[in-house]
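This briefing is intended for reading alongside the sequence and the model.

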Amino acid sequence: MAGFPDVMDKLVSLCKRRGFIFQSSEIYGGTGSVWDYGPLGVELKKNIKDRWWHAMVRSRDDIEGLDAAILMHPRTWEASGHVAGFVDPLVDCKTCKGRFRADKLEDAKCPQKPSKQPGQHDACALTEARQFNLMFKTHMGALEESASVVYLRPETAQGIFVNFLNVQQSMRQKVPFGIAQIGKAFRNEITPGNFIFRTREFEQMEMQFFVEPGTDMAWFEQWKAARMQWHLDLGLSRDRLEFHQHSAGELAHYARAAFDVQFDFGGTLGFQEIEGVHNRGDFDLTQHQQFSSKKLEYFDQVNNKRYVPYVIETSVGADRVTLAALVNAYREEAVEGETEGRVVLGLNPAIAPIKAAVFPLTKKDGQPEMAERIVADLRGAFTVDYDETGSIGKRYRRQDEVGTPFCITVDGQSTGDQTVTVRDRDSLAQDRVDVSQLKGYLAAKLVG
Ligand code: GAP
């Protein structure tokens, strides 16, 4: 059976052309695997982050929010195991100066022609593999000496662990409870790529749920199911989502059990991790206790006992989910009676960057003025766009391509009876709606 098509090149082009995502520092030739979100991209990603924050923090009383700093005490990364163990095996080619992951040579391409894998040309001169730490190092303060080394965090999770007692005590939380945060993370990936799938600077949405030892596997199962449901509610297709269980050999040093939520990106990329759900046991809190010499125990007053809680972690990449949402939504369709088809981003309306576009059918008869009044009224409640240029068909196509779920047209009838047509992006059905009912009409359709 043929899999989902590879739409990545088309998406990269659409994202640039329509203001979703640009290459970082493009005028200087770009920065390797770093991307900037343009006006529509930032709205889309923000809608996804807000949805996660709402589901994880605002709608629950057992999870607290946090915004920890990117720069942390360097001992943090010794305790977490990142200084010693956050490494990938790296080989250099002395001929082409390329750098490749020694364990992923089969996925890499030697820059020499014809296209082969590194090491397969006679001229290739690969070095022995050496361990390369993926953390970005910098210096704190004016002196660049070894004592001043700090790291850009490679995951947001550690900011949560070191604040476990601060949050628990200040918010008078009782185990089981969780701490959630959204923030930037940095990894000096050897082989980044596939657009915003693997980048060197990215955003994570992580939640650590602290539980009593012995109850951890039941919580692990609950969180696994809840997180899969979140991706489905976001609009990702059921047949593009699956769990991948980590075998004993794949488990990270901290994990007692782990499942990835994988999404099928189509083409040769296929199913790839978008989120990890891990049972981290008491690894992190115990390590931080040891390295900081500060107790990180929870006192259970009801049962009069102290213990170091176990942690169930849910860790999802905001950029990776944004890419999954874009890939999932992209479609090309024939349009009846037209030679040119249309490109549609069939995003869940709730995360679409523009919720409604308003068009006057013509530039006369008071139609632009009425359309502008509608825009002014809707703005504030929704992100709206006004467009009066080009044929109405072209205007619809422009909005379809960026995923706008509703197009509102002011026509000859509108100025008389104060009604407009509302066109649905997916069904193409048009409803005639009274202008006074427009806000409620859109709000009802945008729930979900
Ligand atoms: N705290 C656990 C942790 O960081 P991870 O599996 O290394 O686990 C979690 O990362 C998620 O972060 C991944 O599922 C992915 O969505 C995202 N992620 C990791 N590395 C990334 C990268 N280089 N670029 C974009 N997203 C990345």
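Which residue has its backbone oxygen 2.6 Å from a polar atom of the side chain of T76? The residue is H73, whose backbone oxygen lies at that distance from the T76 side chain. The model is predicted, and the points below are grouped by topic.

- Helix α3, which spans residues 75-79, contains T76.
- Is T76 buried or exposed? T76 counts as buried because its relative accessibility is 8%, and the cut-off for buried is under 20%.
- Leaving aside residues up to four places away in sequence, T76 touches Q158, V162 and H288.

**Shell around the ligand**
- The ligand is surrounded by 21 residues, and the closest of them are E155, E189, T199, E206 and E273.
- By class, the shell consists of 10 charged, 6 polar and 5 nonpolar residues.
- Three strands, β10 (201-211), β13 (271-281) and β16 (310-317), each contribute at least two residues to the shell.
- Strand β13 provides the largest share of the shell, with 6 residues.

**Polar contacts and cover of the ligand**
- An N or O atom in the side chain of E206 is 2.5 Å from a nitrogen atom of the ligand.
- For T199, a backbone N or O atom lies 2.8 Å from a ligand nitrogen atom.
- An oxygen atom of the ligand lies 3.0 Å from a backbone N or O atom of G317.
- On its own, the ligand has 560 Å² of accessible area, and the protein covers 93% of that area.

**Nonpolar cores**
- In soluble globular proteins, nonpolar side chains tend to be buried together.
- The largest nonpolar core in this model comprises 57 residues. Within this core, the residues with the most contacts are F20, I48, W52, W223, F265 and L345.
- Helix α9 (residues 318-329) supplies the largest share of this core, namely 8 residues.
- L345 touches L11, L14, F20, L326, A329, Y330, D400, E401, V402, G403 and R425, when residues up to four places away in sequence are not counted. F20, one of these partners, is itself listed among the residues with the most contacts inside the core.
- Another core, of 20 residues, lies apart from the largest one; its members include M370, I374, V384 and V433.

Conventions: Residues numbered from 1 in each chain as written. Predicted model: local features only at pLDDT ≥ 70, side-chain atom pairs only at ≥ 80, totals over all residues. Heavy atoms only, no water. Near = heavy atom within 4 Å. Polar contact = N/O pair within 3.5 Å; in protein donor to acceptor, adjacent residues only side chain to side chain. Areas by Shrake-Rupley, 256 points an atom, 1.4 Å probe, with all protein chains shown as cover. Helix = DSSP H or I, 4+ residues; strand = E, 2+ residues; numbered from the N terminus. Nonpolar A, V, L, I, M, F, W, Y, C, P; charged D, E, K, R; others polar. Core = buried A, V, L, I, M, F, W, Y, C linked by side-chain atoms within 4.5 Å. Buried < 20%, exposed > 50% of the residue type's maximum accessible area, 1.4 Å probe, protein only. Contact = heavy atoms within 4.5 Å.
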